[in-house]
Each structure stands twice: as structure tokens, then as C-alpha cells.
Amino acid sequence: MSHIGVYPGSFDPFTVGHMDVLLHAVSLFETVQVGVLRNSAKSPVFTTEERVTMIERVIEAEKLSSVRVASFDGLLVDYAASIGAKYIIRGLRAITDFEYEFQIAALNRRLNRDICTVYFMASPEHSFLSSSAVREIGAMGGSIEGLVPPSIEKTIAERLTNQ
Ligand code: ADP
């Protein structure tokens, strides 16, 4: 049976914490579709195209042959159904993530009972890491080495210092 998992998020930008979740998903699912949220209420710093292109670069650099990336908008469960994914993949860092994720998962379940959400716990060394922390450090000229995948570090650092 072929299982597809969709890993949705803002990825503004993609971090080593996201990578961690992605690698766990790769070991479980035949295909993992990273879904970059297009119309995020968060008004992202990186454009949708930039976020997709950076993830493409990570996929290539890390040779993740079972991973695809695309942007989407609209309801996540509709997007998942359209690509044949029965599982939504999310990461959990802290109790605060849990409350939000619990609510979203319950709503998604209501919208489509055939699709369920699976979670991976953040590694302890990444539990503090968020895209917003990377944006703040980068914008102030701090080093983001080790916080984002090496293949996109320079692009992110340059973009954040020049914004
Ligand atoms: P969203 O705006 O949908 O929350 P994010 O890009 O912030 O998008 O996060 C996408 C998913 O990755 C979320 O499930 C989030 O909890 C998870 N995630 C983010 N950072 C980490 C991390 N450091 N470790 C584990 N999971 C993470």
C-alpha cells in the first residue's frame, strides 16, 4: 500500500527543526509532499516562490528522492485529498504547540474523517528553534549557522540582512 504524507507549514524559512521532522516522515512514508502555505495570515517574510525554491534545494542537497514540494492555499484537508495523502505530518515542540495543533487536528478531522494527523516530537536540541527565531537573529546580523540546512544558509542570511 502506498502511503503519502503531507507536511504543511509556512517554512518562513525552513529550519533544521523542520528537517528533523521531514527525515522522520521520510522513514515512515513512501512519499512526503511538503506543502508550503501560500496565503498565510502570518504575512511571510520570504515569498512563496523563495520558500519553495529553498526547500527544493534542500531536497536536492540531501538527496531526498521521496520528497516533493509545492505551494498550496485553501483548506489543508482538500489539498491532502487532492494529492492522495491520508496523513498530515506536524511537529511538536512544546505544550503551546500542542494546544494549537490539537485544535487544528480536531477541525481537520471534522472536515475529512479519512485524513488523520501524525506528530513527531522535536529533538531536544531543536525544541527552542522556530522560523521566527531564525528571522530575528538573521535580521540583526547574528549567525544562523546550524539553525538552517547548510545548502540554504547563505541565501537566508543574505536575504534577512538585506530586507
Ligand atoms: P505553521 O505556520 O503551519 O505552524 P511552521 O513552518 O512554523 O508552519 O511549522 C510547520 C510545522 O513544523 C509545525 O507543525 C511546527 O510545529 C513544526 N516545527 C517547527 N519548528 C520545529 C522544530 N524546531 N522541531 C520540530 N517541529 C517543528
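Select the shell around the ligand: its residues divide into six nonpolar, six polar and five charged (Ala, Val, Leu, Ile, Met, Phe, Trp, Tyr, Cys and Pro count as nonpolar, Asp, Glu, Lys and Arg as charged, the others, Gly among them, as polar). This is a predicted model, where local features need pLDDT of at least 70, side-chain atom pairs count only at pLDDT 80 or more, and totals for chains, interfaces and linings use all residues. Residues are numbered from 1 along each chain as its sequence is written, and side-chain values use heavy atoms, with hydrogens and water left out.

Next, pick Tyr7, Ser10, Phe11, Lys42 and Gly91, which come nearest of the 17 residues around the ligand (a residue is near if one of its heavy atoms lies within 4 Å).

Now show the polar contacts (pairs of N or O atoms within 3.5 Å). At Phe11, a backbone N or O atom lies 2.9 Å from a ligand oxygen atom. At Leu129, a backbone N or O atom lies 3.0 Å from a ligand nitrogen atom. Arg93 places a polar side-chain atom 3.4 Å from a nitrogen atom of the ligand.

Then colour β1 (4–9), α1 (16–28), β4 (87–92) and α4 (95–111), the elements that give two or more residues to the shell around the ligand (helices, H or I, have at least four residues and strands, E, at least two, as DSSP runs numbered from the N terminus).

Last, select α4 again: with eight residues, α4 gives the most to the lining of the largest pocket.

Methods. A polar contact is a pair of N or O atoms within 3.5 Å; within protein, one must be able to donate a hydrogen and the other to accept it, and residues adjacent in sequence count only if both atoms are side-chain atoms.
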